[in-house]
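Student: I have not looked at this one before. Can we go through it together?
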Amino acid sequence: MTFTKSIVGIACLLSTLSTLAQDKILNIYSARHYPTDEVMYSDFSKATGIKINRVDADDAGILARLRAEGAASPADVILLVDAARLWRAEVDGLFLPIKSAKLEEAIPTILRAKASDNGGTAWFGLSTRARVIVYDKVTYNKTDVDSYEKLAESKFKGKLCIRSGSHPYNLSLFGAMTEHLGSQKTEIWLKGLVDNMARSPKGGDTDQIKGVASGECGVAVTNTYYLARMMRSSNPADKAVTDKIGVVFPNQSSWGTHVNVAGGAVARYAKNTENAVKFLEYLASPSAQNHFANGNNEWPAAKGVGFDNPALKAMTGGSFKSELLPTSAVGMNQIKVQQMLDRVGFK
Ligand code: FE
């Protein structure tokens, strides 16, 4: 009897220990491709004892993987770098809406999913980035490119560099343009961009910036953090590049510069839900938010987080007018935009 009891006791203890061991794990699928984030992951693990396993892929790859894995998915937290993909994953039921007073207090409603039926929130924005125009300072002035529309003007024939139209950053920008201009004018504008291209789209945003500096391109489109990274680099080659270019936050006198959101969510079939919520709360905390700003040159999503990033300050002169559009509107335009891109031959 005593023996049986102790066996049961040991079994219980082992089961508790294994639960505890499970409790100290967090599986992240991340589209954040920034080495400077490593500090945040290790800070979180140090503070909580929770070990992070991370799978890195792009937004589309992560969504495809979640769909394929279904209920068997080991993913607890999903980090994506595009508002339209966050919206898509939410609509497709890939996220588990959560309730967190900390996150609800920190993140403004415009930067998170709308409350779901159970009152939970499917995803929270954690940082933002603006999609800006850079130009060759010798040839052009700020007023030449102070709107996205101007990129299609014939004076830029053979001068425009931009990454693939199907990249999420561009799909979201073009989805936003569709909201502002309507489909017909947006398609004409996109055709204008294709007509103005200096080369077939290739590389990432940094390659477009370098293209302007090398003289291959006269104007280009980039997310702000790529530019800020170069501005703050100690590499003389990067300094030589940024010395040659000007930056414009477009559409300040109309609807504002396009801003995209990077954010996080708990996966629909998360096994370590508590850890997942804890991690998202950590990412919305002042120290992590400051890291988004100073480590990766993004704007913090959380309210009232002070930060001091000289490159972002130099770029904006302090502040800028950003576009205000519901994520759902931009998200819903994506398929339409892809069809337009195919029609105008925007690779
Ligand atoms: Fe990026």
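Tutor: Start with two terms. Donors are N, O and S atoms within 2.8 Å of the metal (3.2 Å for Na, K and Ca), and sites may look incomplete because water is not among the atoms. Four donors count as tetrahedral if all angles lie between 85 and 135 degrees; four count as square planar and six as octahedral if opposite donors are over 155 degrees apart and all others between 65 and 115; anything else is irregular. The model is predicted: local features need pLDDT of at least 70, side-chain atom pairs count only at pLDDT 80 or more, and totals for chains, interfaces and linings use all residues. Residues are numbered from 1 along each chain as its sequence is written, and side-chain values use heavy atoms, without hydrogens or water.

Student: Which protein donors does the iron ion have?
Tutor: They are H33 (NE2), Y169 (OH), Y225 (OH) and Y226 (OH), at 1.9 to 2.3 Å from the iron ion.

Student: What is the geometry of the iron site?
Tutor: Irregular, as the angles among the four donor atoms run from 86 to 136°.

Student: New topic. How many disulfides are there?
Tutor: One, counting pairs of cysteine sulfur atoms within 2.5 Å. C161 is joined to C217, with 2.0 Å from S to S.

Student: Which hand does that disulfide have?
Tutor: The torsion about the S-S bond is about -80°, so the disulfide is left-handed.
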